Every structure is written in C-alpha cells, then in structure tokens.
Amino acid sequence: MYTQGLDSLGKDCLRDEAQDIGRLEQRFQARIDAEEKIEPKGWMPEAYRRTLIRQISQHAHSEIVGMLPEGNWITRAPSLLRKSILIAKVQDEGGHGAYLYSAAETLGVSRDELIGQLLEGKAKYSSIFNYPTPTWADIGAIGWLVDGAAIMNQIPLCRCSYGPYARAMVRICKEESFHQRQGYEIMLRLSRGTPPQKEMAQQALNRWWWPSLMMFGPSDAESKHSAQSMRWKIKRFSNDELRQKFVDFTVPQAEFLGLAVPDPALSWDEAAQHYRFGAIDWSEFEQVLKGHGPCNRERLEARRRAHDEGRWVRDAAVAHASKQAAKEKSRAA
C-alpha cells in the first residue's frame with residue numbers, strides 16, 4: 001500500500017537540491033498547498049521527515065502500550081461475549097501499531113530502532129495509557145472517552161499530507177469507531193443497571209475525563225509543533241480546536257447516560273454554541289510525560305518483558321527466512 005502514486009521528480013530533484021534547496025522547499029510547499037500526497041520516494045525537507053517520524057512513532061507506541069490497560073481485563077470480563085469482544089479489540093490495537101511502524105519505516109527508520117527507543121524509555125507515547133483500570137467500567141470509559149478522543153485526533157489524519165500515514169489511518173479510524181461504540185455500550189449497560197453499577201460508571205468517568213482532555217496535547221499557545229505541522233498539513237486542526245469538538249460531542253452523551261461530567265465549571269455558551277469547561281491541570285500531564293504517572297514503570301516493564309519473552313519467535317522467523325532464502329539460492333544455481 002505504500003508504493004502507490006510515487007513522486008515523479010526523480011533525478012532532477014537531486015540536482016535541484018544541490019543547486020537551490022530553497023526552490024525545492026517552495027515546490028514542496030506548493031504540492032502541500034495543492035493537497036497532493038507526499039510519497040516515500042519524493043523529496044521532502046529533513047524537518048518534515050523528522051516530524052513525521054516523531055509523530056508516527058509516538059502514535060505506534062501508543063497503540064502498542066494501549067493494549068496493556070485493557071489486556072489485563074480479558075480474563076476478568078463479565079461474560080464470554082465480553083471476553084471475545086475485548087480480545088478482538090486488543091488485537092486491533094496491536095494491528096494498528098504494526099501499520100504505523102510500517103508507515104514510519106517508509107521514512108528511512110527501522111522498526112527495531114523505534115521499538116528500542118520505546119523499551120529504553122527514550123520515546124514518548126500517549127500519557128493516558130499510564131493510568132490504572134481498577135474496574136470493568138474503566139474498560140467502558142476507555143472505549144467511550146479515550147477512543148473517542150483518538151477518533152477526533154485521527155480522522156483528520158486520513159487527509160494527512162504524507163501518503164503512507166494517511167492510508168494507514170483509514171482502516172485504523174474504522175476500527176477505532178467500533179471501539180468507541182463498544183465502550184459507550186458498556187457504559188450504557190452499567191448506567192441502566194443497579195445503583196452500584198451506575199456508581200461504578202460514574203467513578204470511571206471521573207477518573208478518565210480530564211486525562212482524555214489532555215490527550216489532545218498542550219494548549220495551542222504552548223504547543224511547540226502544531227503551527228508547522230498544520231502548515232505542512234500533517235495536522236488539520238489545532239489541539240484546542242479538537243479538544244473543544246470532543247467536549248461538545250461528548251457532554252450530551254454523558255447526559256444521555258445520566259452521568260455527571262466531573263467539571264463544576266462546565267456550562268453551555270449559547271452565543272458561541274460551545275460548552276465552556278474548566279482549567280486543565282497541565283502539571284499532572286507533564287509529570288506523567290516525564291515518567292511519574294501511576295503506571296509508567298508498570299507499562300514499560302510489561303513491554304520489556306513481552307519483548308524478551310517473544311525473542312524466540314523473532315529468532316525463529318529469521319531462521320526460517322534464512323532457510324527459505326538458501327533454498328531459493330540453491331534452486332537458482
């Protein structure tokens with residue numbers, strides 16, 4: 001999927017680069033402005049490539065680490081049906097990580113390098129996956145809120161200027177939409193259940209509301225990368241715009257569930273046709289990003305353990321590939 005519509009600039013591009021990097025950058029930006037897709041073999045500014053590697057790798061890491069908060073509920077889900085649904089969801093998240101690592105590899109970075117950065121604690125991933133899931137309702141809240149916030153972020157990425165990333169996001173968004181509906185259905189069942197079940201749903205909403213708002217990243221005034229990413233059309237909306245859309249979309253859903261959003265400052269602004277919400281505690285966000293969240297160490301230790309325990313599978317795959325290559329070579333001889 002990553003070889004379709006390759007850039008046709010070819011060798012002329014290399015000569016131009018040596019002669020006039022400024023002209024190349026102008027041509028590149030003109031292609032972006034014309035809504036053309038940038039492909040792996042086409043010329044791109046080094047800063048554009050680095051920005052994509054940073055964003056796509058963080059996205060891939062988040063999908064992989066995101067399997068962990070839900071994975072430990074597979075054996076404890078309340079029914080066989082719920083177990084099978086949750087298994088399918090966790091498998092989807094692993095697949096999303098694989099698609100995204102593949103997209104990143106088209107930029108000249110190896111998957112092993114990216115995974116190594118994650119395991120060494122050098123790479124970032126979404127801060128929200130460093131929170132615990134103490135009850136079954138947290139699985140519902142993750143689907144409803146976390147995957148809901150992810151969809152707000154990711155649907156515009158289907159129109160990202162970099163072709164491999166945009167194409168990978170089409171399937172990911174379809175699957176994430178299912179995850180969001182599945183989570184909301186869990187919350188609906190709990191909120192329509194017994195008083196203790198509804199309280200469990202309310203407490204899960206309380207735990208995940210603010211971290212979900214933080215998922216969109218710092219406010220526009222504090223974001224280091226947003227302006228340039230939007231100019232390159234890697235992003236289509238600012239952090240604050242996406243956060244506002246999420247609040248406007250989600251608050252009516254909470255009201256339908258009969259649950260209270262844990263924000264005393266929340267109110268409807270009739271003139272602006274938006275919900276106004278309280279201040280986000282960005283100090284918490286920064287602490288979690290720095291590795292001091294409730295489950296940072298636990299998440300990385302789990303990934304390192306899984307990587308070590310899966311080494312034999314990787315070794316077997318390499319040995320099999322070598323064996324097949326030797327057979328092909330002997331046949332050719």
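This report describes the pockets, the cavity and the cysteines of one structure.

The structure is a predicted model, in which local features need pLDDT of at least 70 and side-chain atom pairs count only at pLDDT 80 or more, while totals for chains, interfaces and linings use all residues. Residues are numbered from 1 along each chain as its sequence is written, and side-chain values use heavy atoms, with hydrogens and water left out.

**Pockets and cavity**

On a 1 Å grid over the protein atoms alone, a cavity is a set of points where a 1.4 Å probe fits but cannot get out, whereas a pocket is an open set with protein on both sides within 12 Å along at least five of seven lines; lining residues have an atom within 4 Å of a point. A volume is the space filled by probe spheres set on the points, which are joined across faces, edges and corners.

| Space | Volume |
|---|---|
| Largest pocket | about 1,200 Å³ |
| Second largest pocket | about 280 Å³ |
| Largest cavity | about 30 Å³ |

The lining of the largest pocket is made of 47 residues, and Arg54, Gln58, Met215, Phe216 and Gly217 are those that lie nearest its centre. Several helices (DSSP runs of H or I, at least four residues, numbered from the N terminus) each supply at least two residues of this lining, among them H3 (46-65), H5 (80-105) and H8 (163-191). The lining of the largest pocket comprises 18 nonpolar, 15 polar and 14 charged residues, where Ala, Val, Leu, Ile, Met, Phe, Trp, Tyr, Cys and Pro count as nonpolar, Asp, Glu, Lys and Arg as charged, and the others, Gly among them, as polar.

Around the second largest pocket, the lining includes Ile64, Tyr101, Arg111, Asp112 and Arg314. Helix H6 (111-119) and helix H13 (296-309) each supply at least two residues of that lining, and H6 gives the most, with five residues. The residues lining the second largest pocket divide into five nonpolar, two polar and four charged.

The search of the whole structure finds one cavity of 30 Å³ or more. Its lining consists of Ile32, Glu35, Glu36, Lys37, Arg159, Ser161, Lys233 and Arg236, of which one is nonpolar, one polar and six charged.

**Cysteines**

With a disulfide taken as a pair of cysteine sulfur atoms within 2.5 Å, the count comes to zero disulfides. Cys158 is in no disulfide, and the nearest cysteine sulfur, that of Cys173, is 3.8 Å away, which is too far for a bond.
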